[in-house]
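Biologist: I'd like to learn how to read a fold like this one with you. Could we go through it feature by feature?

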Amino acid sequence: MSVKIDVVRVEIPEGTNVIIGQSHFIKTVEDLYETLASSSPHLKFGIAFCEASGKRLIRWDGNDEELIKLAQQTALKIGAGHTFVIYIKNGFPINVLNRIKNVEEVVRIFAATANPLQILVAETDQGRGVIGVVDGYTPLGIETEVDIKERKELLRKFGYKR
């Protein structure tokens with residue numbers, strides 16, 4: 001038996017975040033839709049889910065056509081059973097991540113980011129599975145007092161700290 005490792009680059013348009021995770025049941029799409037739709041009336045999103053048995057289709061839903069198509073294309077590129085892809089606009093992962101984690105079918109979250117993202121996929125004779133992610137870039141150093149001040153100002157600008 002052999003394993004092939006593939007790197008899938010995830011496109012993340014400006015002003016958009018992506019959440020990639022794994023679940024275990026076909027009702028994931030509808031439950032994720034309800035979770036996201038009830039989180040904010042302003043949130044725009046697209047969901048795609050790689051069905052792992054039966055018809056093995058990319059199941060999908062959402063409230064934004066562009067984000068739905070993006071989620072479908074990304075899920076198809078990843079092609080790993082029970083993986084889901086969510087693109088969001090008008091919100092950040094921090095606003096919905098705990099709600100997503102509490103969906104009873106969700107097993108894990110691999111990434112939630114607007115950074116450049118690569119998904120590491122292992123392929124065997126049975127199929128494909130996500131083995132990890134590369135989220136953003138390698139650090140260039142340790143923050144200074146000026147960097148700390150900038151970080152705190154940014155969080156306050158976003159309204160996450162007082």
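Modeller: Happy to! Let's begin with burial: a residue counts as buried when its relative accessible area is under 20%, and as exposed when that area is over 50%. Keep in mind that this is a predicted model.

Biologist: Then how many residues of strand β2 are buried?

Modeller: Six of the seven residues in β2 (residues 17-23) are buried, so this strand is largely enclosed by the rest of the structure.

Biologist: Which strands does β2 pair with?

Modeller: With strand β5 (residues 83-89), β2 pairs in the antiparallel sense over six bridges. Six bridges also join β2 to strand β6 (residues 106-113), again antiparallel.

Biologist: Let's turn to the open sheet. What is the order of its strands?

Modeller: The order is β1-β7-β8, three strands with antiparallel pairing. β1 (4-10) and β8 (128-135) are at the edges with a single partner strand each, so one side of each has no neighbour in the sheet. From one strand to the next, the twist averages 25°.

Biologist: And how many bridges join β1 to β7?

Modeller: Seven bridges link β1 to β7 (residues 117-123). A handy landmark is Ile-5, which stands opposite Ala-122 in β7.

Biologist: Which helix lies across β1, β7 and β8?

Modeller: That is helix α2 (residues 65-78), which runs at about 165° to β1.

Biologist: How should I read a pair of packed helices?

Modeller: Two packed helices are described by the angle between their axes and by the distance between those axes. Here, the axes of α1 (residues 28-37) and α3 (residues 93-101) come within 10 Å and cross at roughly 140°. That angle makes α1 oblique to α3, and the crossing is right-handed. On the α1 side the contact is made by Leu-32, Thr-35 and Leu-36, and on the α3 side by Val-96, Arg-99 and Ile-100.

Biologist: Now a loop residue, please. Where is Asn-63?

Modeller: Asn-63 sits in the loop between β4 (58-62) and α2. With a relative accessible area of 34%, Asn-63 is partly exposed, since that class lies between the buried and exposed cut-offs.

Biologist: What does the side chain of Asn-63 reach?

Modeller: It reaches the backbone oxygen of Leu-43 at 3.0 Å. Beyond its neighbours within four places in sequence, Asn-63 is in contact with Tyr-33, Leu-43, Lys-44, Phe-45 and Ile-68.

Biologist: How about backbone angles? Which residue has a positive phi of about 50° although it is not a glycine?

Modeller: That is Arg-56, found in the loop between β3 (44-50) and β4. Arg-56 counts as exposed, at 62% relative accessibility. Look at Asn-90 as well: its phi is near 65°, a positive value in a residue other than glycine.

Biologist: Where is Asn-90 found, and is that residue buried or exposed?

Modeller: Asn-90 is in the loop between β5 and α3, and its relative accessible area of 53% makes it exposed.

Terms used: Residues are numbered from 1 along each chain as its sequence is written. This is a predicted model: local features need pLDDT of at least 70, side-chain atom pairs count only at pLDDT 80 or more; totals for chains, interfaces and linings use all residues. Side-chain values use heavy atoms; hydrogens and water are left out. Two strands pair if DSSP finds at least two bridges between them. Helices (H or I, at least four residues) and strands (E, at least two) are DSSP runs, numbered from the N terminus. Axes are lines fitted to C-alpha atoms, for helices over the stretch in contact, and angles run from 0 to 180 degrees between N-to-C directions. Contact means heavy atoms within 4.5 Å. Buried means under 20% relative accessible area, exposed over 50%, partly exposed in between (1.4 Å probe, protein chains only). A polar contact is a pair of N or O atoms within 3.5 Å; within protein, one must be able to donate a hydrogen and the other to accept it, and residues adjacent in sequence count only if both atoms are side-chain atoms. Angles under 35 degrees count as roughly parallel, over 145 as roughly antiparallel, 65 to 115 as roughly perpendicular and the rest as oblique. A crossing is left-handed if the near helix is turned anticlockwise from the far one by less than a right angle, and right-handed if clockwise.
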